[in-house]
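Hi,

Here is the structure I promised to send over. Have a look, and then read on for what turned up in it.

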Amino acid sequence: MVNAHTPRTSHSNPCLKHLTCFVFYSFLMRLFMESSLSFSLPETLVLPLKTQLISSGSVPRSPSKLPFHHNVSLTVSLTVGTPPQNVSMVIDTGSELSWLHCNKTATYPSAFDPTRSTSYGPIPCSSPTCTNRTQDFTIPASCDSNDFCHATLSYADASSSEGNLASDTFNMGSFDSLDMVFGCMHSVFSSNTDEDSKNTGLMGMNRGSLSFVSQMGFPKFSYCISGTDFSGLLLLGESNFTWMLPLSYTPLIQISTPLPYFDRVAYTVQLEGIKVSDKLLPIPKSVFEPDHTGAGQTMVDSGTQFTFLLGPAYTALRTEFLNQTTGVLRVLEDSNFVFQGAMDLCYRVPITQRVLPRLPTVSLVFRGAEMTVSYERVLYRVPGEERGNDSVHCLSFGNSDLLGVEAYVIGHHHQQNVWMEFDLENSRIGLAQVRCDLAGKRFGVAH
């Protein structure tokens with residue numbers, strides 16, 4: 001979920017800001033503020049969730065651990081303001097500025113009321129925060145009629161929000177209260193009003209100076225998404241524990257010179273190859289390298305469901321996967337059906353067939369690390385799509401070119417059962433294949 005770039009059909013920030021069109025089958029995460037850390041939940045949440053500290057003498061600050069469940073968006077509940085107001089925010093590793101609805105309407109009944117908070121303060125447009133720390137915004141900050149810092153955010157799914165930058169006290173679990181800069185948005189247009197109206201705002205988690213993780217000063221954060229029961233674990237802080245498999249690290253790509261189509265604050269890694277089963281596809285390395293404009297970067301984004309590849313890489317993957325599944329699966333012969341506008345290799349599977357045959361795996365080869373997508377997640381059953389007595393299953397990799405997005409985007413569907421560590425201090429991402437449901441139990445999170 002990222003800001004759109006305006007000059008051309010591709011996007012400088014191409015993480016597909018989409019809460020509906022891509023049916024972001026993301027995560028649901030609740031954080032509760034009771035001293036006992038154990039209490040009953042609203043009926044809409046089936047399983048109890050809690051926040052605890054993991055004691056470890058080897059790290060200076062024990063991480064907060066948060067279990068979550070998949071839903072259309074990854075949300076966290078916390079309190080903002082004095083006295084505290086409950087808010088629910090969508091976590092987005094592809095965005096920088098955190099923001100809250102500050103205009104309660106029938107469409108958005110859950111809003112933050114700045115007039116009720118004695119600690120709320122708007123940011124003047126002459127402030128260094130406004131003039132210096134908004135440099136990675138795709139639309140420059142401006143001054144409103146009251147000389148307050150005004151922000152306008154637009155996204156690739158045509159949704160947008162605008163309002164003033166402000167600061168207030170954020171309270172989150174066991175962490176001390178922190179004054180945070182955020183957007184107090186009075187005008188919000190959403191492509192998915194039904195889903196977005198359930199939340200108060202968005203929490204940006206990328207590497208920008210105004211992101212939540214940057215302002216909190218976390219050296220790293222990690223998450224692990226179960227592939228079986230839709231549970232998961234998010235760790236804010238260190239996660240060096242001896243029981244876990246050694247992580248393979250891939251460096252985050254840094255480009256100091258601003259390029260028009262390169263997002264400098266995204267979690268960008270270097271994709272070097274793609275395998276189908278154990279066969280390395282004959283794709284030139286140059287296909288994976290950003291060009292002189294910055295287009296073609298590879299971004300790891302928890303806010304995007306599937307993985308999207310640039311045309312040449314997608315075509316090579318599609319061709320080889322089709323070859324290796326000939327005689328195993330029946331191709332859907334319908335040129336008019338393209339799942340989510342970018343996935344055009346689909347199959348017909350009898351509705352009565354509960355288990356798919358064993359399919360080829362797909363591995364994404366990064367510099368220093370590899371992510372293997374198991375056969376259970378290589379195909380995705382399209383909800384509500386049936387042809388006679390058959391359900392429709394599509395290859396869970398899409399063609400970025402069909403979306404007008406000139407980037408590789410690694411979505412969370414392919415991060416299931418992978419421990420994902422975002423090591424900001426050392427500018428790298430660590431990967432390890434694990435059973436995330438078991439990892440949650442090891443951290444004391446039972447579902």
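**What I found**

The protein chain has 7 helices and 30 strands (DSSP runs, H or I of at least four residues for helices and E of at least two for strands, numbered from the N terminus). Bear in mind that this is a predicted model, where local features need pLDDT of at least 70, side-chain atom pairs count only at pLDDT 80 or more, and totals for chains, interfaces and linings use all residues. Residues are numbered from 1 along each chain as its sequence is written, and side-chain values use heavy atoms, with hydrogens and water left out.

Of the 447 residues, 58% count as buried (buried is under 20% relative accessible area, exposed over 50%, partly exposed in between, with a 1.4 Å probe and protein chains only).

On to the salt bridges (a side-chain nitrogen of Lys or Arg within 4 Å of a carboxyl oxygen of Asp or Glu): the whole structure has 11. In one of them, Glu272 pairs with Arg367, with the closest N and O atoms 3.2 Å apart. That pair links distant parts of the chain, 95 residues apart: Glu272 is in strand β17, Arg367 in the loop between β23 and β24. Glu272 is partly exposed, at 26% relative accessibility, and Arg367 is partly exposed too, at 35%.

Another salt bridge joins Arg387 and Asp334 (2.8 Å, N to O). Arg387 lies in strand β25 and Asp334 in the loop between β21 and β22, so this pair ties together parts 53 residues apart in sequence.

Cheers
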